[in-house]
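Dear colleague,

Please find the structure below, handed over for your use. My findings follow it.

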Amino acid sequence: MSQLQPLAALGGLLLGGALLGGLLWWQSGLQPATRADDWRPPCVQRLGKAYAEFGPTRQPDDRPARNIVFGVDRSGSNGELADVQLDAAVAYAATLEPESGVGVLLITDRSDRSTTPDMPFEPGESGVRWTPEPVLCPGCKPDSLFQQKCVEQLEAAQTLRVAELNGVEEARRTRLQEERAVRIHGWRDQVAAYTPKPGTSLLAFFTKLADLPPVRREPQRTTVVVMSDLEASQAAERKQLDKFERAYKSSGTCPEASWLPKGLAGLEIALVQSVRDGIDADLWARRWDAVLTCAGAHVRRHRFSTAVPLRQLLDEPGGPALALAE
């Protein structure tokens with residue numbers, strides 16, 4: 001009897017140690033991962049092959065992205081506001097999200113882009129976003145206490161992983177935007193002293209515009225912001241526009257005109273008009289509205305004001321700055 005008691009006690013200790021060791025081993029599989037390259041808790045290894053590649057879903061970002069092209073009149077007639085408007089266009093362009101393409105064209109006397117120091121168009125760069133995957137199939141329940149605890153840890157770990165991945169993506173987007181802003185402001189410094197020759201032609205500008213890649217490839221996703229007094233300085237162009245408008249008003253339909261700009265169909269064109277004394281601003285706005293509408297563009301008209309930020313003017317149609325809109 002005296003020998004059996006020590007043996008029983010020893011057996012109890014061994015059994016207790018085995019149970020304790022098993023419990024510690026089971027719980028160890030539920031501890032969060034500590035390695036930076038493996039965000040999932042170790043217990044996932046015991047959930048089977050279905051979880052071998054488990055992780056968040058990567059998909060294209062669905063944030064709306066458009067191409068914005070600014071046309072800035074640097075002619076003498078628009079000289080008082082030319083620098084202000086260029087700065088406004090640059091400030092707007094520099095704050096666009098990286099998904100949007102952007103470019104700035106200078107309105108000059110020629111349509112050949114090689115003779116004008118336009119800002120090269122920069123296409124937008126689409127992003128991605130990460131979303132969590134369901135840990136269990138819809139309607140499924142854990143089949144054991146171990147699986148329940150592991151699923152809870154996996155859900156928590158995936159939430160952190162999604163936040164981390166989306167944080168990295170947001171940092172990338174911020175970097176892209178900042179780098180583009182530096183390039184845009186650098187270009188502005190390079191063209192600060194540029195003025196075109198006399199005889200600026202808006203028709204030539206629209207011809208140049210139609211050859212721009214986003215206009216040719218994605219007109220429905222492209223907005224053109226024309227910042228000008230809209231007055232034609234060339235006598236031949238003035239006669240063409242006057243004759244076209246009279247025919248348009250009398251017939252109510254678009255007259256035939258061989259000089260009508262081609263390749264503008266589907267574009268949204270915002271005419272941001274600088275108004276000065278001595279010209280009939282509404283007359284010139286109506287004429288270009290008719291010409292561009294007959295060319296297939298969707299036209300809206302705004303009056304430029306240094307008191308209204310360009311973003312507010314363009315992003316809030318119907319506001320007080322629409323004094324020229326019909």
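Which residue in β3 does Asn-67 stand opposite? Asn-67 stands opposite Gly-101. The model is predicted, so that local features need pLDDT of at least 70 and side-chain atom pairs pLDDT 80 or more, while totals for chains, interfaces and linings use all residues. Residues are numbered from 1 along each chain as its sequence is written, and side-chain values use heavy atoms, with hydrogens and water left out.

Strand β2 (residues 67–73) pairs with β3 in the parallel sense over 7 bridges; pairing requires at least two DSSP bridges between two strands. Helices (H or I, at least four residues) and strands (E, at least two) are DSSP runs, numbered from the N terminus.

The open sheet has 6 strands in the order β4-β3-β2-β6-β7-β8, with mixed pairing. Its edge strands, β4 (119–122) and β8 (298–303), each pair on one side only.

Helix α3 (residues 145–190) packs on the sheet and touches β3 and β4; its direction makes about 5 degrees with that of β3. Helix α4 lies across β2, β3, β6 and β7, at about 150 degrees to β3. Angles run from 0 to 180 degrees between N-to-C directions, with axes fitted to C-alpha atoms, for helices over the stretch in contact.

Trp-288 is in contact (heavy atoms within 4.5 Å) with residues including Phe-206, Leu-241 and Leu-271, leaving aside neighbours within four places in sequence. Trp-288 and Phe-206 are also among the residues with the most contacts inside the largest nonpolar core, which has 33 residues. Such a core joins buried Ala, Val, Leu, Ile, Met, Phe, Trp, Tyr and Cys residues through side-chain atoms within 4.5 Å, buried being under 20% relative accessible area with a 1.4 Å probe, protein chains only.

Yours sincerely

Methods. Buried means under 20% relative accessible area, exposed over 50%, partly exposed in between (1.4 Å probe, protein chains only).
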